[in-house]
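Here is a short briefing to read alongside the model. Please keep the viewer open as you go through the points.

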Amino acid sequence: MLSEAGLSVHVFDKGRRPGGRVSSRTVEKDAHDFSFDYGAQYFTVRHPLFRSVTAKLADKGMVSRWPVAGEDAWVGTPRMAKLIEGLADGIDIAWGAEVTALSSSKSGWSVRIGDSDVRNFDQVVLAMPAEQTALLAGAGDPEMARRAAGSRTEPCWTVMLGFAEPLPIHEGIVKGPGISSATRNSGKPKRQGGEAWVVHADPDWSRQYLEHEPADIEQRLSERFASLIGVTLQPIFTRAHRWRYALSSSRSEGCYWNEEIGLGACGDWLLAPRIESAWISGHTLGKRIVGAGLDL
Ligand SMILES: Cc1cc2nc3c(=O)[nH]c(=O)nc-3n(C[C@H](O)[C@H](O)[C@H](O)COP(=O)(O)OP(=O)(O)OC[C@H]3O[C@@H](n4cnc5c(N)ncnc54)[C@H](O)[C@@H]3O)c2cc1C
């Protein structure tokens, strides 16, 4: 939208590839390949504008419905991160580029990338979890920093499990004490590879064990999953991942835009802890920046 309005847009993302909290990975172990979505498991499609974006990606084979998670649930194909790759298509994005400081200058904003690379821009948008927004916004816009600092993002410990044989249960998603979801990733559309499960601990459990070693989490969460489904597990691949900032709280602002100084923020933390909400937040901010009104 910003490019179409004639603005020159440059995106810097510290990730090495498209994903953020919608990340995927494939691994090979003992002659088996496994494909994991270790962040978000699916996304909802409810808003008409997001529905039309999703339909275009579906035409390209990059997303597909996944009724196992609900009537309005979709997944990226053949991995969740494909959704982000599709949304990022055609945008000038520098990967592996961490923004480490932001300061206002005579000509607008100075953005420091990494240790010493400084770029100047007229306007800046921060699209990241609230805690990271608060760190960068501080010097430029104390009000934005205050709001972001007041918004808490819950952590999530995740364990990926790969098996030589399918587990003897029929469900695609199971939930239980301490486990917000355990999802058969190999059962999603267009997945290749062996039996792959992703177990997400719930926020209370994740907070309790936040600073534990990954090896300890792998054991504890696997045991919990095993007792939940009543099966003795013999995974050939196990890997824990700590999401320090996973699920945002909900707010009603939708986005934040300080027109006077040309600084904005968007992301799930300004609406609701979902992929669709993050997209709507970004879209709403885009409309405010180009002055297209707010008819969402
Ligand atoms: C474990 C887990 C399970 C989830 N399950 C679901 C689900 O099933 N369905 C659903 O809809 N949602 C789910 N979510 C939430 C969903 O992933 C988020 O709501 C959504 O990804 C938010 O998008 P965002 O663009 O606001 O933030 P992010 O996806 O976090 O993207 C922010 C980007 O900013 C980059 N970044 C951060 N700081 C900097 C910096 N200083 N410099 C440069 N780049 C930076 C990051 O690399 C990242 O790519 C889940 C999240 C997690 C972690």
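Buried here means under 20% relative accessible area, exposed means over 50%, and partly exposed covers what lies in between, with a 1.4 Å probe and protein chains only. This is a predicted model, in which local features need pLDDT of at least 70 and side-chain atom pairs count only at pLDDT 80 or more, while totals for chains, interfaces and linings use all residues. Residues are numbered from 1 along each chain as its sequence is written, and side-chain values use heavy atoms, with hydrogens and water left out.

- Helices (H or I, at least four residues) and strands (E, at least two) are DSSP runs numbered from the N terminus.
- Helix H2 spans residues 81–88, and its buried residues are Ala-81, Leu-83, Ile-84, Gly-86 and Ala-88.
- An α-helix has 3.6 residues a turn, so residues three or four places apart point the same way.
- After H2 comes Gly-90, with a positive phi near 85 degrees.

**The ligand shell**

- The ligand is surrounded by 30 residues, and the closest are Asp-13, Arg-21, Tyr-42, Val-99 and Asp-268.
- Polar contacts are pairs of N or O atoms within 3.5 Å; within protein, one must be able to donate a hydrogen and the other to accept it, and residues adjacent in sequence count only if both atoms are side-chain atoms.
- A nitrogen atom of the ligand lies 2.8 Å from a backbone N or O atom of Val-99.
- Polar backbone atoms also lie by ligand oxygen atoms, at 3.4 Å for Arg-274 and at 2.9 Å for Ile-275.
- Taken alone the ligand exposes 1000 Å², of which the protein buries 87%; these areas come from the Shrake-Rupley method with a 1.4 Å probe, and for residues only the protein chains shown count as cover.
- Two or more shell residues come from each of strand S1 (11–13), helix H3 (130–137), strand S16 (237–247) and helix H7 (275–290), and S16 gives the largest share, three residues.

**Aromatic rings**

- Rings of Phe, Tyr and Trp (its six-membered ring) pair if their centres lie within 6.5 Å, with planes under 30 degrees apart counted as stacked, over 60 as edge-to-face and the rest as tilted.
- That rule gives eight aromatic pairs.
- Phe-43 and Phe-50 are edge-to-face, because their ring centres are 5.9 Å apart and their planes stand at 70 degrees.
- Phe-43 is buried at 1% relative accessible area, and Phe-50 is buried at 1%.
- One aromatic cluster is formed by Phe-34, Phe-36 and Phe-237.

**Backbone points to check**

- Most residues other than glycine have a negative phi, and most peptide bonds are trans.
- Asp-30 is not a glycine, yet has a positive phi of about 50 degrees; Asp-30 lies in the loop between strand S2 (24–29) and strand S3 (32–37) and is exposed at 52% relative accessible area.
- Lys-190, also not a glycine, has a positive phi of about 60 degrees; Lys-190 sits in the loop between strand S14 (179–184) and strand S15 (195–201) and counts as exposed at 53%.

Note on methods: Near = heavy atom within 4 Å.
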